[in-house]
Structure formats: C-alpha cells, structure tokens
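User: I would like to go through this structure by question and answer. Please start with a contact between a charge and a ring.

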Amino acid sequence: MLIHFHVNGKACAVDAAPDEKLLDTLREKLQITSVKRGCENGDCGACTVLLDGRPVASCIFLTVKARNHSIQTIEAFGEPGHLHPLQEKFRAHGAFQCGFCAPGVTLSAISLLNQNPTPTEEEVRRAISGNLCRCSGYVQIVEAIMDYVEERRAAREEL
Amino acid sequence: MAAMIYPHDSCGVSGATSVFLKVDSDGSAVLYSGLSDVGQGSKTALSQLAAEILGIPMDKITFIAGDTHTTPYDEGTGASRTTFFCGHCVKEACEKARTQLFEAAGRMLGVPSPEKFYIQDGVIYLKTFPECHVSVAEAAHASERIYGHPILASATFSSFSTPADPETGHALMFERHTFGTQIAEVDVDIDTGEIDVLKLAAVHSCGTVINPNLVEGQIYGGVHMGLGQALMEEMLEREDGSVVSNTFSEYHILTAADMPGVMLSGMVERPVEDGPFGAGGMSEGAPSPTAPAVGNAVADALGIRFTSLPLTPERILTALKAKQSSQRS
Ligand code: FES
Ligand code: FES
C-alpha cells in the first residue's frame, strides 16, 4: 500500500504492509534511527514521535494510520551544531547519560511546551512519565526543562 | 536512614587496569583505555584529568575506550573502579608524558633539567624565567622528529586482595572505599498499602570530585534504581524458571512522576588513597543504601520490619493485617 505523509516537513510516500509499524517504516525505510527501538510494547517511550504535534509510541502505531498526517522526529527540532534551545539546556544540566531515552523525552517535552508554555514541575513530570529512563533518575532532565520554562517566561515578561 | 560502605574493585581478584597515551606533534593527545563509557561520563572525567596534567585543552584529547582490539587490558567497568583505577593510570601516564615533554623542551632551550619546567594552556615554561617557553606541540614535534623520541607512555594499576579463607572467612581486602548515607521520608497509606517517598537526601563521599555534574547524575540515577528495588522492581518467575515480569507492563520502574518530590544530593570530598588527586568511584554506592533507608522509614512508620523487597502495596497490606490479627489475639 502506498502511504503518503509528511515527515519533518517533507512529503513522503512509502510502500507499507498493512501490519507495518511506524517505528519500522521510520527506522528501516527512511533511516531515521533517532527513533529508538526499545520495548516494542508501548511501555518505554523510546520510540516516541510527534503525530500532528502529539506524542505517540511509533512501535504500536500502524504506518497506514499515519496516512495524510504529519510526523516529527527529533531532527525536526535540532541537529548536531544547531540544537533546539531545550536541547542546549539538557546539555548544560548534564540531563542524560546513555541518551537512549533522550529523543523521546525531548519530543514529549516539546509537545507539552507547545500546548502549555508555562507548565508546573508536576505537569512536566506527568508529560514525560511515558518515557522511561534507566540512567538519570529524571532529576537533571526535569531541572533542565524547568530552567528552559523559567528563561522563556522571563524573556516574555521583558517584552 | 541508612549508611553504606562500598569497596573499589571486587575481592579475591587482582583487578588490573592499564592505559596507553601518546602526544602528537600538533599538541594533541590520544588515550587508549579498556574502560566502557555507557553514559556515566568516564571519558569526560578522565579527559579532564589528562587535560589538567598535560596542560592542554579538553578538545585536544581523544579518548579511545572499550575496544579490546586497540586498547590495553582493563579488568572491567564495574565495582565503582573506573575513575579510581583508570584515573590512576591516566594520571601516571600523563605525568610520564609530561616529563618527556619537559625533557624535549629542555633540550630545545638548553636547560637539561625537566623539573625546572611547568606547563599551562598548551605552553611549557621555564619556572624561573617564563619568557623562556615552547609550546607542547613544538616540544612533541622536536621530540619525535629531531630527538627520535615520540612521546609515548603507559601505566598500570592493580588492586590486591585474596579470596576468602574457607575456614575462617577472612580475606585480605583492597581497602579503598566509598561511603554514603541516605535519608528517606515516607508516607504510607494504610488503606491501600501504597508508599510515597516524599523526600530523599543522598550524601556520598567518593573522594575528590572531578566533575560534580557527573557525580550528581550518578547519585540520582542510582537512587532511582534503589527506589525501584525498594518499591516496585521485581523479577517474578514461574516454577519452570520462565519469567512472568518480562515487559515494562509487569516489571515496573519509576517514572518521572514517581520520583520523590524533594530529591537532594551532597558530596563529601574525603580523598581516597591512591585515587587520582584523591578521586574515587561513584556508582554502586548510590543505589546501595536507598532500599534500606526506605525500609527503615517504613519500619518507623508502621512498627513492622520487612525482610523482602519490593515493598509493594500487597506486602504492606498483608503485613498490616498480620499485625492487627496478632494484636487482637
Ligand atoms: S519501543 Fe515503543 S514504547 Fe518502547
Ligand atoms: S539517559 Fe539512559 S535511559 Fe535515559
């Protein structure tokens, strides 16, 4: 089946089997390996992508269901040398260790911040609670997101 | 509250670690080590050490790690030993290379006494007359191209311990330890059996801290694992040994929303003997006291001592019921 959708702003057409998962399409056919293969069970969030701005677990999302929708992976927001300001915060706070959860956590956080630019710490914790991290204890991840939120709030107030 | 003591390296083996180093004629350095960096930041911390001793910026250091084909022997990354063992070797190798650089600088400047030099920001200066100087790159270049002595060094460090005597249980330990104490404040819901860890403070002594951000990350990550052990992580098996909890739907780990509302960390910089600049390891020490601290807090709240983990709502409720019925009878 030929499926048309947008990936990171670009129109794409892929030939996908009816039971093909979006994770496999992105990793194997489009070579977007920032989308991580973790549990493949919908539990860990390593495979998170944004579907029309909302986080979904691509390992349990059928590619055919993405037809005519817009998909964003972490490449839509930052690349080496051109990091998203939130990624800069993660770096400054030493938020991640192995980094396996990082693309998913970052996308979940960006999705939250697009809907609510001034979340509380609790809202941030809830928004990334679908993304499991074995290394960090989430402490510096949450600190970095809150630092970003505060900086943006201060910048807005200055205007 | 609970306190712990953790040894660097395991008992009963001679854990050897070695490191190679070369300084190239462009003033950059390459370190080869058998350590594995899975995100804990060993390469970063040890590159900082090397930069400090060689007097060159971090971005001039390449750290090749984990490839046993190209790197020298290391017993392994485990038992909190990497910063301590590899760090010891990195320091020693860098000091040897620095002496070779001073020797080359001395020949170039006609001052044949390496101890009369110091190194800073990529430049080697004569202590008594800093106007007299050559760059690290120039010294390395002259050493390998003119004096026929490429700047190369290696270092090895081993622990010493003996297996436990089967009769007495005694062993000679490698006595280089890290210490830590954690305090947990918990709320136990006696209707549902749920435990909420409200606050957790973790203070660890892992010697001189090379990179506070990395040490904090190790503490927080370790506490997260310790809380998992305390509250929910459990490998359930069937009779035949097959695993029941083989997905994250059954094997639960803490999410960001499950972590204590208040999470504090602290470091006590008590130098570790033989550690590079007194630095020690910060790994297993972090999760070790967490479950005991939570268990002690729960015992304080309920007057019940638990001897198995995790402290699931089911275990708490069962113990509460048993306590009530024994009080009644
Ligand atoms: S890989 Fe998709 S949720 Fe784990
Ligand atoms: S940084 Fe390793 S899983 Fe999150």
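User: Over the ring of which residue does the charged end of Arg107(B) sit?

Analyst: This is a predicted model, in which local features need pLDDT of at least 70 and side-chain atom pairs count only at pLDDT 80 or more, while totals for chains, interfaces and linings use all residues. Residues are numbered from 1 along each chain as its sequence is written, chains are lettered from A and ligands numbered from 1 in the order written, and side-chain values use heavy atoms, without hydrogens and water. A charge sits over a ring if NZ of Lys or CZ of Arg is within 6 Å of the ring centre and within 35 degrees of the ring normal. For Arg107(B), the charged end is 4.1 Å from the centre of the ring of Tyr147(B).

User: Which charged residue sits over the ring of Phe85(B)?

Analyst: Phe85(B) belongs to a cluster linked by ring pairs, together with Phe84(B), Phe157(B), Phe160(B) and Phe174(B). At 4.1 Å from the centre of the Phe85(B) ring lies the charged end of Arg81(B).

User: How are the rings of Phe160(B) and Phe174(B) arranged?

Analyst: Rings of Phe, Tyr and Trp (its six-membered ring) pair if their centres lie within 6.5 Å; planes under 30 degrees apart count as stacked, over 60 as edge-to-face and the rest as tilted. Here the centres are 5.0 Å apart and the planes stand at 90 degrees, so the pair of Phe160(B) and Phe174(B) is edge-to-face.

User: Is Phe174(B) buried or exposed?

Analyst: Buried means under 20% relative accessible area, exposed over 50%, and partly exposed in between (1.4 Å probe, protein chains only). Phe174(B) has 2%, so Phe174(B) counts as buried.

User: How many aromatic pairs are found over all chains, and what are the values for Tyr118(B) and Tyr125(B)?

Analyst: The search of the whole structure gives ten aromatic pairs. One of them is stacked, formed by Tyr118(B) and Tyr125(B), with 20 degrees between the planes and 5.2 Å centre to centre.

User: In what order do the elements of chain A run?

Analyst: Helices (H or I, at least four residues) and strands (E, at least two) are DSSP runs, numbered from the N terminus. Chain A has five helices and five strands. From the N terminus on, their order is β-β-α-β-β-β-α-α-α-α.

User: What share of the residues of chain A counts as buried?

Analyst: The C-alpha trace of chain A spans about 50 × 35 × 30 Å along its principal axes. Among the 159 residues of this chain, the buried share is 47%.
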